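Could you walk me through this structure while I have it open in my viewer? I would like to know what to select at each stop and what is there.

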Amino acid sequence: MPDGEAAPQPIPVPCCALGVDVGGTAIKAVVCDARGSLLSSLELPTPRTLVGLRQEVGRVVAELRGRISAGQVHHGARDGGASGPPVVLEDLAPSVGVAVPGIVRESEGIAVNSVNLGWRDVPMRDHMEDELGLPVVLSHDVRAGAWAESRWGAGGPDCLYLAIGTGIASVLMLGGSPVDGDGWAGEVGLMLVPDPDRPGADAHLESIASASAMALRYAATLPGGADEPAGLRARSEGSLGVLRAMEAGDERAARIWGTALDALADLIATGACLLGPLDVVIGGGLMRAGQEHFFAPLRERVAQRLELVPAPRVLPAALGSWSQALGSAGRAMAAAPRAQAAPGRMPDAPRAGDG
């Protein structure tokens, strides 16, 4: 080694982990390091049966471990590229992180209920451990995403994370840990709020302000309603279709968009009054509407609802659609002895690929 050159720092063990996010339509799996860098990833369709799910999770874990064994995954790389020394199996946390949707009692390893995938009281951790032959850290999918954003993304140790997509869910992070509530914490999409489309009636928040609900509400205002060609097209275009219609001057779309933001602002303002002005980090499909049409008017509405309590910062999530897989890997690292899931900000949001 030349004089004056610093000796290379040893890589801590465990310094990486495998994480799997079981979504309603896709399974995403990653190799993640202790600073939240996505080193390798793959994505496959989600099977509709538990047996199929077990097999597919086993397949993606075997594929990623095979890439590691073949020297295809490197420290400091970006999704399969070569950079530092190769990752070896001994670098991995002993457990695999698996995140699933619905109501999840993480400490017991039970997937209590998932409407979209048809689960009820499934001992999911046991199923996954039987399939993989490895210990499993089971997470709720949104709690895994919140954990990743808190540790490596836009949040901090104390923050409120909102996932707004086909539904709405929240996670309260305190001291870097998600509040679990025996699996029920954060089901804010089920709150009853005034229905702006039916004066005097109430509706679930996620039927008013989720990305999919905004599209459905707009479709219902079109000729023939939501199930005729114009309505079906509007539903397929999602919330961004509502935004395009609003930008084109459609007053119906503007009302749908505005009342959805009103409902979200009510939620955030209530949260600030309960918890104080914790940073609010928003992930999910609706954040793609951007600063001008989503974040700026939402911040303005939140501030209007608060008098003495300072308005919280409302921030876009930083880690994108892979946050839940990254968080499941991070929680597996954090569960390991001498865990090395280090806090820090990633220089860029991770990019997915087949590398």
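## First stop: a salt bridge to start from

Select Arg 313 and Asp 279, whose side chains meet in a salt bridge with 2.7 Å from N to O. Arg 313 sits in the loop between H8 and strand S15 (314-316), while Asp 279 belongs to strand S14 (residues 279-283), so the pair ties together parts that are 34 residues apart in sequence. Keep in mind as you look around that this is a predicted model.

Now compare the two partners. Arg 313 is exposed, because its relative accessible area is 51% and the cut-off for exposed is over 50%. Asp 279, with a relative accessible area of 17%, is buried.

## Second stop: from H7 to H8

Next, select Asp 262 and Arg 301. They form a salt bridge in which the closest N and O atoms are 2.7 Å apart. Here distant parts of the chain are linked: Asp 262 is in helix H7 and Arg 301 in helix H8 (residues 290-305), 39 residues apart. Asp 262 counts as partly exposed, at 27% relative accessibility.

How many salt bridges does a search of the whole structure find? The search finds 16. For another one, select Asp 180 and Arg 143, where the side chains meet at 3.3 Å, N to O. Asp 180 lies in the loop between strand S11 (177-178) and strand S12 (192-194), and Arg 143 lies in helix H3 (residues 141-152), so this pair ties together parts that are 37 residues apart in sequence.

Is Arg 143 buried or exposed? Arg 143 counts as buried, at 2% relative accessibility. Asp 180 is partly exposed, with a relative accessible area of 23%.

Asp 182 is partly exposed at 45% relative accessibility, and its phi is near 55°, a positive value in a residue other than glycine. Most residues other than glycine have a negative phi.

Move on to helix H5 (residues 211-220), which is mostly covered, with 7 of its 10 residues buried. To see the buried ones, select Ala 211, Ala 213, Met 214, Ala 215, Arg 217, Tyr 218 and Ala 219. Which elements do the buried residues of H5 pack against? Colour strand S9 (159-164), helix H4 (206-209), helix H6 (229-247) and helix H7 (251-275), and you have them.

At the end of this helix, have a look at Ala 220, which is in H5. Beyond its neighbours within four places in sequence, Ala 220 is in contact with Gly 225 and Ala 226. The C-alpha atoms of Ala 220 and Leu 232 are 9.4 Å apart, and the two residues are separated by 12 residues along the chain.

Show H5 and H7 together. The two helices pack at an angle of about 145°, with their axes 10 Å apart, and their crossing is right-handed. On the H5 side, the contact is made by Met 214, Arg 217 and Tyr 218; on the H7 side, by Arg 252, Ala 253, Arg 255, Ile 256, Trp 257, Thr 259 and Ala 260. By class, this contact has 6 nonpolar, 1 polar and 3 charged residues.

Zoom in on Thr 259 in helix H7. Thr 259 is buried, with a relative accessible area of 18%, and a polar contact of 2.8 Å joins its side chain to that of Arg 217. Leaving aside its neighbours within four places in sequence, Thr 259 is in contact with Pro 196, Ile 208 and Arg 217.

Select His 75, in the loop between helix H1 (50-69) and strand S4 (96-100). His 75 counts as buried, at 11% relative accessibility.

Finish at Asp 121, found in strand S7 (residues 119-122). Asp 121 has a positive phi of about 55° although it is not a glycine, and at 49% relative accessibility it counts as partly exposed.

Methods: Residues are numbered from 1 along each chain as its sequence is written. This is a predicted model: local features need pLDDT of at least 70, side-chain atom pairs count only at pLDDT 80 or more; totals for chains, interfaces and linings use all residues. Side-chain values use heavy atoms; hydrogens and water are left out. Buried means under 20% relative accessible area, exposed over 50%, partly exposed in between (1.4 Å probe, protein chains only). Helices (H or I, at least four residues) and strands (E, at least two) are DSSP runs, numbered from the N terminus. Contact means heavy atoms within 4.5 Å. A polar contact is a pair of N or O atoms within 3.5 Å; within protein, one must be able to donate a hydrogen and the other to accept it, and residues adjacent in sequence count only if both atoms are side-chain atoms. A salt bridge is a side-chain nitrogen of Lys or Arg within 4 Å of a carboxyl oxygen of Asp or Glu. Axes are lines fitted to C-alpha atoms, for helices over the stretch in contact, and angles run from 0 to 180 degrees between N-to-C directions. A crossing is left-handed if the near helix is turned anticlockwise from the far one by less than a right angle, and right-handed if clockwise. Ala, Val, Leu, Ile, Met, Phe, Trp, Tyr, Cys and Pro count as nonpolar, Asp, Glu, Lys and Arg as charged, and the others, Gly among them, as polar.
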